[in-house]
Amino acid sequence: QVQLEESGGGLVQAGESLSVSCVASGNILSIGAMGWYRQAPGTQRDLVATITGGGSPEYADVVKGRFTISRDNAKNTVYLQMNSLKPEDTSDYYCYADSVITPRGTYRAVWGQGTLVTVSS
């Protein structure tokens with residue numbers, strides 16, 4: 001079984017920075033794309049950033065220039081560095097992994113439990 005565990009959320013003030021990380025576990029051979037989504041109460045879950053297995057990132061327009069996604073394939077870990085945070089960035093941030101290959105098979109669309117990021121004004 002594959003699991004994703006996020007860490008690093010918390011409370012910061014507007015303009016500050018915060019980094020969140022997500023570790024995948026479960027006898028993993030390789031992972032395809034990984035990414036971060038966010039969901040505020042009463043809203044849909046929206047893409048924040050994704051990164052391919054080869055390290056090519058893509059970002060939602062609202063975070064371009066402020067957030068940076070990266071990954072360490074040897075550690076099965078994806079990171080999200082968030083700079084110049086705004087109150088509207090307040091949300092639960094969910095880690096996502098696709099095409100997770102294990103000896104028992106391939107897992108699609110694996111999600112973490114989420115970590116809360118709160119940005120005060």
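Colleague: Why is Arg66 called buried?

Modeller: Buried means under 20% relative accessible area, exposed over 50%, and partly exposed in between, with a 1.4 Å probe and protein chains only. Arg66 has a relative accessible area of 10%, so Arg66 is buried. This is a predicted model, in which local features need pLDDT of at least 70 and side-chain atom pairs count only at pLDDT 80 or more, while totals for chains, interfaces and linings use all residues. Residues are numbered from 1 along each chain as its sequence is written, and side-chain values use heavy atoms, with hydrogens and water left out.

Colleague: Is Asp89 buried or exposed, and what value decides this?

Modeller: Asp89 has a relative accessible area of 1% and is therefore buried.

Colleague: What makes the pair Asp89 and Arg66 a salt bridge?

Modeller: The term requires a side-chain nitrogen of Lys or Arg within 4 Å of a carboxyl oxygen of Asp or Glu. For Asp89 and Arg66 the N to O value is 2.7 Å, and their side chains meet in a salt bridge. Asp89 lies in the loop between E9 and E10 and Arg66 in the loop between strand E7 (57–59) and strand E8 (67–72), so the pair ties together parts that are 23 residues apart in sequence. Strands, marked E, are DSSP runs of at least two residues, numbered from the N terminus.

Colleague: How many salt bridges does the rule give?

Modeller: The count comes to three. One of them joins Lys64 and Asp61, with the closest N and O atoms 3.2 Å apart.

Colleague: Why is Lys64 called partly exposed, and why does Asp61 count as exposed?

Modeller: Lys64 has 49% relative accessibility and therefore counts as partly exposed. Asp61 has 62% relative accessibility, so Asp61 counts as exposed.

Colleague: With which residues is Gly15 in contact, leaving aside its neighbours within four places in sequence?

Modeller: Gly15 is in contact with Ser84 and Leu85, where contact means heavy atoms within 4.5 Å. Gly15 itself is placed in the loop between strand E2 (10–13) and E3.

Note on methods: Helices (H or I, at least four residues) and strands (E, at least two) are DSSP runs, numbered from the N terminus.
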